[in-house]
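These notebook entries record what I looked up in one protein chain. I proceed from single residues to the overall arrangement.

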Amino acid sequence: MTRVHIIGAGLSGLAAAVRLIEHDVPVTVYESAGQAGGRCRTFYDRHLECEIDNGNHLIMSGNKSALSYLARIGAEDPLTGPPFALYPFVDVKSGKRWTVRINEGPIPFWVFDRKWRVPDTNVMDYVKAAGIAFAGDGKTVAEVVDKNSVLYPCFWEPLTLAVLNTTPEKGQAKLLWRVIRETFLLGGQASVPLTAKTGLGHAFIEPAVKFIEAHGGTVRLGARVRGVWMEGGEVTTLNFADETVTLEEGDKAIFAIPPTRLKDLLPDIDPPNDDASILNIHYRLGKPVPRAAVGDGPFIGMVSSLGQWAFVRDDVISLTTSASNAIGADDQPNDDVVSKIWRETQIALGLEDTEYERVRVIREKRATPDQSPEGARKRLKPETQWRNLFLAGDHTDTGVPATIEGSIRSGDRAAELAIRSIS
C-alpha cells in the first residue's frame, strides 16, 4: 500500500498523520528530537521539580480544527477555561483592573455595556475598529487602527502580540482579522479562552502518538533527515544518519518542519524567516497560587509591563512575553527579566510581598515565522514542485496565524492533498 513519510512530529506532522490514518493510509513519522511535540510539549523540569510546558498557548472555543483534532485522537477532558468568554486584565503601572466579557450570539451587545468593555472606551471606538476587516495584504495592524484610542494599548497591542508574536507596527492586519472573524466576531460561544488542563503534551501530543501507533502507524524519534534525493520530479530517497529510506512507487512525503530546517533540505524554496522569539518564565511558589485575580479562568492579561500574560496552574505561575526579540527582552540578562517580571506579577496577581521559591527561564528563539506583510507573502503553499511532496507547518499559507489552530489546519490540508494524489 501507498505509505506517507512525514518528517516532523510537531503538531502539524501529527495532525497530518492522524488524518491519513483515518483514511486508512499507512504512515511513518520521523522526528529528530527525542520526543514528539516540537514547540508544543510538556516535560519534567528538574530544577522546578514539576512538569511545565515549554511555552504557554491559548486555544479559543472557535478553533474548530484544534477541537476536532482533540476529539479525534481521543484526548479526554484536556482543556480548561471560564464558563463564559471572560478576559481579565490589569494595568501594572496604574493598578487598574477590568474584565472584558463577550456576550453569546453574533450581535456585540457587550460593547454597549461599560461594565464589560475596555474602560474609558465608547461604542465609536469599536465601530472604527471594524476597519481592520478591509485591510489589504500590505497593511500592518498599526496602520489600520487608531493608535490614539484607548483600545490600542488595552486591546490591539496585547492581541497582536499574543496572536502574531510581533508588534502592531509589524504584524499583518489581515492575519489578525482572520482570528477576529472566526472568534470574537461570532460572539462569546466562539471566544471562550481555553488552556491545557494538565499540560500541552498531555492534551495534544501523547494522545496523538498513542492514536497513531494504535492504528498501525510508526513514530520514530531521534531520526533526523540529513538529506533528500529527488529524481523525475519526485522525492525518491530520505537519508538519515543510520539508514537510507527509499520511497516505493506511489509513496508520498510530507515535510512538517520549521522554515530554517526546511531551507536546509530544500534550498530552492524561500520560506518566511522563523526568528520571532518568545520569553517564558516559570515561577514556582511552593504553595497554591491565589486565584482571585484570574477568577474562573487560568490567566490574566497584563499591560504597561514587560510580562504580558500570567498563567496559573497549581503552585506555578508561567509568564509569557511574546515578540521578545522585537521589544528588546532578548537583550536583557535572565536575572534582570526574572526580577522585573516578578515585580509585575506580584502586582498583577495581588501577591504583595510573596516570593517565589524556584524559577526557570525558557527562551524560544525560533518560536514562530515572520507574520509581517512581507513574511505573510512568503508563506508557502502546501503543494510543491515535486509531485509526491507536500508541506505542513504554521509557515504555510493556512489563512490564519501561526498558532495551534494554524498548525493543525496545515497538517490536515497536507494530508488531504496526499490522499487526493493517491486516489
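I first located threonine 160 in this predicted model; threonine 160 sits in helix α5, which covers residues 151-164. Next I looked up the contacts of threonine 160, leaving aside neighbours within four places in sequence. The residues in contact with threonine 160 are Val141, Asn165, Thr166, Thr167, Pro168 and Leu176.

I found phenylalanine 112 in the loop that runs between β8 (97-102) and α3 (123-129). The relative accessible area of phenylalanine 112 is 55%, and I therefore listed this residue as exposed, a term that requires over 50%. I also noted that Phe112 belongs to a nonpolar patch on the surface, together with Ile107 and Phe109. The accessible area of the three together is about 350 Å².

I then consulted the domain assignment. It gives domain 1 as 4-34 + 221-273 + 371-422, and domain 2 as 103-190. How many Å separate the centres of domain 1 and domain 2? I recorded 33 Å, taken over C-alpha atoms. For the contacts between them, I noted eleven residues of domain 1 and 14 residues of domain 2.

Last, I checked the UniProt record. The unreviewed entry places the feature "domain: Amine oxidase" at residues 11-417. Over residues 11-417 I noted 28% helix and 24% strand. The end C-alpha atoms of that stretch are 18 Å apart.

Notes: Residues numbered from 1 in each chain as written. Predicted model: local features only at pLDDT ≥ 70, side-chain atom pairs only at ≥ 80, totals over all residues. Heavy atoms only, no water. UniProt positions renumbered as here; feature names shortened; annotations may be inferred. Helix = DSSP H or I, 4+ residues; strand = E, 2+ residues; numbered from the N terminus. Patch = residues over 30% accessible without salt bridge, like charges linked within 9 Å, V, L, I, M, F, W, Y side chains within 5 Å. Areas by Shrake-Rupley, 256 points an atom, 1.4 Å probe, with all protein chains shown as cover. Salt bridge = Lys/Arg side-chain N within 4 Å of Asp/Glu carboxyl O. Buried < 20%, exposed > 50% of the residue type's maximum accessible area, 1.4 Å probe, protein only. Domains from an automatic or database assignment. Contact = heavy atoms within 4.5 Å.
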